[in-house]
Amino acid sequence: MQIISAEVLVSSPGRNFVTLRLTTDDGLVGLGDATLNGRELAVVAYLTEHVVPLLLGRDAHRIEDTWQYLYRGAYWRRGPVTMAAISAVDTALWDLKARAAGLPLYQLLGGRSRVGCLTYGHASGADLPELFDSVRDHLEQGFRAIRIQTGIPGLGSVYGVASSANAAAGADGVTSRYDHEPARRSAAPVEEAWDTRAYLRHMPGVFEAVRNEFGPELPLLHDAHHRLTPIQAAKLGRSLEPFDLFWLEDVTPAENTAVLRRVREHTTTPLAIGEVFNTIWDYRELFEEQLVDYVRSPVTHAGGITPLRRIFDYASVYQIKSGVHGPTDISPVGLAASLHLGIAIPNFGIQEYMRHSAATDEVFRSGVTFVDGMLVPSEEPGLGVEYDDDVASRYEYAAAYLPVNRLLDGSVHDW
Ligand code: CS2
Ligand code: MG
């Protein structure tokens, strides 16, 4: 099973995606997701210039060796661009191996451990009535766990909130009212204003109102998107304890994970982190000191299925579970890979799920199904996703940026 071609495909059905397609001498095709939101073409260059030439002629069965070759062999390790590229190669190789075996990929990862992967959806609103509508809409769609984000009095558009106003400004109008899409197609990033004190004052009342309206059982999640200091994070975690969150995500900036010790000392609200991590080493201190409860790394940014499986096994030693990142910038290829892994591992926790646009689903024909709030991978051999070149060619790449966050005095803040 020799690799005879490696194509880097760029298309933009509603939002930008980068896909790696490997073809072997026996005519099999494997796909990998190489999308890095807002920095897509850097991964295209890394793959095209530095990785594709090394893949041609390689034995596609040698997944572990190829991973070590690309990761260790480059000398320059880690980082989102490198790891997105290696992820795509690793995923495409697993897709190929499973297609060659004639089995859905999860069968090669140990087989099914559960009927499906429980998901959480994104409810948001500029104010409480809009938020409640969004929660109801998600419950009607079948979601059984819900992330809550709201506008903050005195601030304009806020990260993670799909108010009708900012959804209308979304990518090509494909963003639905309830699906926030942070990347905007524009020449420069949109800038948003942020006030941590106003946020900390506002959030407990939001969760109290949601609990009063929807009862005690519904699992609720919240993403703080790296915006708080350790002591602010501790305060938020403690103030939300009465509302029994499933998790509080990314409370502090990802570079300095040791600060989570301080947060843990003050709150029993479960913590999730890792959507911007790249390697198993990023988790070492967090696992060994039991500083987090859920691992957010997706297949697409942690270097692929091979290393993410290792991260989950390492997490299981500490009773830490998966909680994989799944916004729309993870393509249907990346999502399918997460689900094959999620259905197999013993310590699955929850899977984030934002529906892709109809245009995206037309380019990537995926056999994934959504049943009773759970996503279930396809029974087709491999990942169960096909890429349609003809449809893809209708959607040309357009530069898009994530917003930049500024404090009220104008200085740039974390997000
Ligand atoms: C978010 C993402 O899904 C999440 O938890 O943090 O929407 C994130 O902002 C984007 O993936 C950035 O590309
Ligand atoms: Mg997040």
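**Aromatic rings and the ligand site**

Analyst: W247 has a relative accessible area of 0%, so W247 is buried (buried means under 20% relative accessible area, exposed over 50%, partly exposed in between, with a 1.4 Å probe and protein chains only). Y120 also counts as buried, at 0% relative accessibility.

This is a predicted model, in which local features need pLDDT of at least 70 and side-chain atom pairs count only at pLDDT 80 or more, while totals for chains, interfaces and linings use all residues. Residues are numbered from 1 along each chain as its sequence is written, chains are lettered from A and ligands numbered from 1 in the order in which they are written, and side-chain values use heavy atoms, with hydrogens and water left out.

Across the whole structure, a search finds 19 aromatic pairs. Rings of Phe, Tyr and Trp (its six-membered ring) pair if their centres lie within 6.5 Å; planes under 30 degrees apart count as stacked, over 60 as edge-to-face and the rest as tilted. Y120 and W247 make one edge-to-face pair, because their ring centres are 5.3 Å apart and their planes stand at 80°. Y120 belongs to strand 4 (residues 117–125) and W247 to strand 8 (residues 247–249), so this pair ties together parts 127 residues apart in sequence. Strands (E, at least two residues) are DSSP runs, numbered from the N terminus.

A further edge-to-face pair is formed by F364 and Y387, with 5.3 Å centre to centre and 75° between the planes. F364 lies in strand 13 (residues 364–366) and Y387 in strand 16 (residues 385–387), so the pair ties together parts that are 23 residues apart in sequence. Both F364 and Y387 are buried. Elsewhere, ring pairs join F277, Y283, F287, Y314 and Y318 into a cluster.

Two arginines sit over rings. A charge counts as over a ring if NZ of Lys or CZ of Arg is within 6 Å of the ring centre and within 35 degrees of the ring normal. R227 lies over the face of W194, 4.4 Å from the ring centre, and the charged end of R15 is over the ring of F17 at 5.9 Å from its centre.

At the ligand site, 15 residues are around ligand 1, and N37, H225, E275, R296 and E352 come nearest (near means a heavy atom within 4 Å). A polar side-chain atom of N37 is 2.8 Å from an oxygen atom of ligand 1. For D223, a side-chain N or O atom is 3.0 Å from an oxygen atom of ligand 1.

Technical notes. Helix = DSSP H or I, 4+ residues; strand = E, 2+ residues; numbered from the N terminus. Polar contact = N/O pair within 3.5 Å; in protein donor to acceptor, adjacent residues only side chain to side chain.
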